[in-house]
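Student: I would like to learn how to read some features of a structure. Please start with pockets.

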Amino acid sequence: MRRKQDNSLLTEVELEFMNVVWETGGGTVRELLAELNKAQERAYTSVATILKIMEQKGFLSSERKDRSLVYRPAVPKAEYQSTHLKDLSSKLFNGTPAAMVARLVDDEDVTDAMLEEMRALLDQRLGGK
């Protein structure tokens, strides 16, 4: 049985494309292809197709400039990060953000400096308490 696709989240490839669009502010297919090809060679038609799908999903907007479409982010990166974290918290941590944070701080790759940075962010969020 095929699962219904969740269009509120980006696929792994779409996220890679979206990071380039967020970093560059957008561009034509050819301009975005040049950026994407720095990491991995891709075909023009493949990039154009994925950008069109991302526009249909509401992550990008486009406008015609001369003979090309110029794609821009329709969703700010911070907004997408928030949506993705809420989804992750809901699906993997039963809607308990504290459980998600606890798992994160237990990660062996998190250094003391990173933990201090997190503490500073929490202190700032809690008003310096």
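Tutor: On a 1 Å grid over the protein atoms alone, a pocket is an open set of points with protein on both sides within 12 Å along at least five of seven lines, whereas a cavity is a set where a 1.4 Å probe fits but cannot get out; lining residues have an atom within 4 Å of a point. Note that this is a predicted model: local features need pLDDT of at least 70, side-chain atom pairs count only at pLDDT 80 or more, and totals for chains, interfaces and linings use all residues. Residues are numbered from 1 along each chain as its sequence is written, and side-chain values use heavy atoms, with hydrogens and water left out.

Student: Which residues line the largest pocket?

Tutor: The lining consists of Met100, Val101, Leu104, Met118, Leu121, Leu122 and Arg125. The space in this pocket is about 210 Å³, where a volume is the space filled by probe spheres set on the grid points, joined across faces, edges and corners.

Student: How is that lining made up by class?

Tutor: Ala, Val, Leu, Ile, Met, Phe, Trp, Tyr, Cys and Pro count as nonpolar, Asp, Glu, Lys and Arg as charged, and the others, Gly among them, as polar. Here the lining has six nonpolar residues, one charged and no polar.

Student: Which helix gives the largest share of the lining?

Tutor: Helices are DSSP runs (H or I, at least four residues), as are strands (E, at least two), numbered from the N terminus. The largest share, four residues, comes from α6. Both α5 (97–106) and α6 (112–125) supply at least two lining residues.

Student: What is the overall pattern along the sequence?

Tutor: The order is α-β-α-α-β-β-α-α-α, which comes to six helices and three strands. The radius of gyration is 19 Å, well over the 14 Å that the globule rule gives for 129 residues, so the protein is more spread out than a compact globule. That radius is taken over C-alpha atoms, and the rule is 2.2 Å times the number of residues to the power 0.38. The C-alpha trace spans about 55 × 40 × 30 Å along its principal axes.

Student: How much of the protein is buried?

Tutor: Buried means under 20% relative accessible area, exposed over 50%, and partly exposed in between (1.4 Å probe, protein chains only). Buried residues make up 24% of the 129.

Student: Is Glu14 buried or exposed?

Tutor: Glu14, in helix α1 (residues 12–24), is buried, with a relative accessible area of 6%. Contact means heavy atoms within 4.5 Å. Neighbours within four places in sequence aside, Glu14 is in contact with Leu9, Ile50, Ile53, Met54 and Lys57.

Student: What about Glu31?

Tutor: Glu31 sits in helix α2 (residues 29–36) and is partly exposed at 47% relative accessible area. A polar atom of its side chain lies 2.8 Å from the backbone nitrogen of Thr28.

Student: How should I read phi?

Tutor: Most residues other than glycine have a negative phi. Asp66, not a glycine, has a positive phi of about 55°; Asp66 is in the loop between β2 (60–65) and β3 (68–73) and is exposed, with a relative accessible area of 72%. For Asn94, phi is near 50°, also positive in a residue other than glycine. Asn94 lies in the loop between α4 (77–92) and α5 and counts as exposed at 70% relative accessibility.

Technical notes: A polar contact is a pair of N or O atoms within 3.5 Å; within protein, one must be able to donate a hydrogen and the other to accept it, and residues adjacent in sequence count only if both atoms are side-chain atoms.
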